[in-house]
Amino acid sequence: MSATAPQIFAEISTAAPPGPPRILMRRAVVLGGSMAGLMAARVLSDHAEEVLIVERDPTEGAGPRPGVPQGTQVHALLPAGQIQLERWFPGFTADAVAAGAPDFGRYDGKVFINDELRTVADPPPTRPSLITTRPFLEHQVRVHVLARENVRMVFGRAEGLLLREGGVRGATYVPDGSEEPVEVEADFVVDAMGRSSRLGDWLEAAGWPRAPMRRMPIKLNYASALFERDESVSDAWVAITQTTPGKGRVPRIGGVLSVEGDRWLMLVAGYDEDRPSRDTAEYAERCRKHFPSMFGDIAEKGRMIGGVITYHQADSRRRDYHAVDRLPAGLIAAGDAVASFNPVYGQGMTSAMLHASCLSAWLQTGPDVTGEPPRAYFDKVRVIVDAAWQISTFADLGLPHITEGQPRGYKFIRWASELITRASMRDEQTCRRLNRVTAMERHPADLAKPGVVLRALRLRLLGRI
């Protein structure tokens with residue numbers, strides 16, 4: 001009997017140590033050195049004699065990279081992502097804290113839904129939660145990956161693939177500061193070039209099919225700013241707030257994170273024509289008017305570091321490689337090159353880490369990487385993508401500007417989701433179950449069990465929610 005999606009999800013998201021190293025290839029090339037590429041390189045270091053990462057942005061320290069325009073915005077590492085970091089780099093959390101990640105020993109984060117404060121919470125985690133800026137966390141991962149003796153990074157622009165009949169034999173890139181392309185022979189290539197990946201163009205030009213793409217027009221508008229953390233201004237450690245679509249409500253999301261350097265990183269976001277600007281006065285007014293009090297306090301009384309930075313993401317998108325009838329051997333895609341979601345749900349970095357564990361699970365079976373299309377890998381990735389897509393896009397289908405694409409049964413699913421969310425604000429058991437799913441520790445099917453909905457319905461009928 002074939003494994004179910006929840007069973008595959010549990011296999012991939014495990015905290016168990018990975019299997020033993022087993023060399024299956026001479027050289028692997030990873031195109032892109034952000035989170036997806038770094039994690040793929042870590043996995044490949046157990047299976048290749050040499051791993052070469054080609055990264056377009058010369059990288060020094062923990063600063064933002066030009067190739068990641070959203071890098072300065074709020075990024076959340078979900079608990080499932082931290083589990084994977086500990087799995088691949090034992091002691092990673094302790095190392096990150098030693099490097100400056102906040103370790104306040106506090107677990108009093110606040111969650112607001114439609115201006116209501118959640119009154120129940122998960123028990124304290126067994127290790128400090130990693131709450132940092134994206135550049136800081138990515139730098140820590142980069143340091144750990146490049147400490148592997150068989151991994152190295154070069155800087156340059158990926159230009160294409162070297163294809164042979166049935167598969168790849170390497171890739172080409174233009175080194176930083178040069179105009180001449182360089183060919184790199186390899187047995188295996190990973191596309192980790194993000195949302196703007198050109199892999200489909202390269203494959204199509206060589207006579208291979210392009211993966212079909214699905215899009216959802218979320219029209220998300222972000223604005224973030226850094227502030228010196230000051231207890232006299234606010235005692236906020238972490239605060240997340242969401243106004244869901246509904247009668248008389250304008251959908252918005254905000255977040256306050258206490259990050260490295262004793263700072264707050266504060267985000268406010270809207271959709272469609274609801275656009276935060278770079279104007280600091282407008283930013284402060286928005287924080288005070290539309291978000292819980294700590295947002296206004298920090299914006300009005302806190303000391304801003306730099307200015308307000310905005311970002312717009314037009315859509316969520318996924319490339320369905322599992323649906324392609326012909327795939328070349330020795331080539332996979334990972335991270336945003338496969339799927340990128342509404343970033344307010346924090347799924348991007350964690351999904352990239354789970355894709356790496358999909359790669360590991362496939363390579364542990366000892367496939368012929370140079371002669372066998374990686375269908376088993378993409379089948380596993382599909383489970384991870386489907387889970388994240390279901391969580392984020394089902395919520396986004398309720399946005400006023402999205403008027404089509406609702407699947408059959410959507411009204412009931414939305415009703416049940418809103419009921420469970422409501423119950424999670426007051427009921428500890430429902431809160432824990434919902435958090436495990438939104439944290440990508442459990443498959444969304446865990447919320448579809450009749451008992452979960454019936455418990456929430458009973459609580460409503462009893463007037464407890």
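Helix α11 (residues 410–424) packs against helix α12 (residues 428–438) at an angle of about 120 degrees, and their axes are 7 Å apart. Axes here are lines fitted to C-alpha atoms, for helices over the stretch in contact, with angles running from 0 to 180 degrees between N-to-C directions. Helices (H or I, at least four residues) and strands (E, at least two) are DSSP runs, numbered from the N terminus. The two helices are therefore oblique to each other; under 35 degrees would count as roughly parallel, over 145 as roughly antiparallel, 65 to 115 as roughly perpendicular, and the rest is oblique.

Who touches whom? On the α11 side you'll find I420, T421, A423 and S424, which meet T430, C431 and L434 of α12. Contact means heavy atoms within 4.5 Å. Sorted by type, the residues of this contact are four nonpolar, three polar and no charged.

## What you're looking at

This is a predicted model, where local features need pLDDT of at least 70 and side-chain atom pairs count only at pLDDT 80 or more, while totals for chains, interfaces and linings use all residues. Residues are numbered from 1 along each chain as its sequence is written, and side-chain values use heavy atoms, leaving out hydrogens and water.

## A sheet running from β7 to β16

Seven strands make an open sheet with mixed pairing, in the order β7-β6-β5-β2-β1-β8-β16. Strands pair if DSSP finds at least two bridges between them. At the edges sit β7 (182–185) and β16 (331–333), each pairing on one side only. From one strand to the next, the twist averages 35 degrees.

Strand β6 (residues 167–175) pairs with β7 in the antiparallel sense over four bridges, and A171 has V184 in β7 as its bridge partner. Helix α5 (residues 134–146) packs on this sheet, touching β2 (48–55) and β5 (151–164), and its direction makes about 80 degrees with that of β5.

## A sheet running from β4 to β14

Here, too, seven strands form an open sheet with mixed pairing, ordered β4-β3-β11-β12-β13-β10-β14. Its edge strands are β4 (116–117) and β14, each pairing on one side only. Strands β11 (residues 238–243) and β12 (residues 252–259) pair in the antiparallel sense over six bridges, with I240 opposite G255 in β12. Helix α7 (residues 280–290) lies across β10, β12, β13 (263–271) and β14, at about 80 degrees to β13.

Definitions and conventions
Ala, Val, Leu, Ile, Met, Phe, Trp, Tyr, Cys and Pro count as nonpolar, Asp, Glu, Lys and Arg as charged, and the others, Gly among them, as polar.
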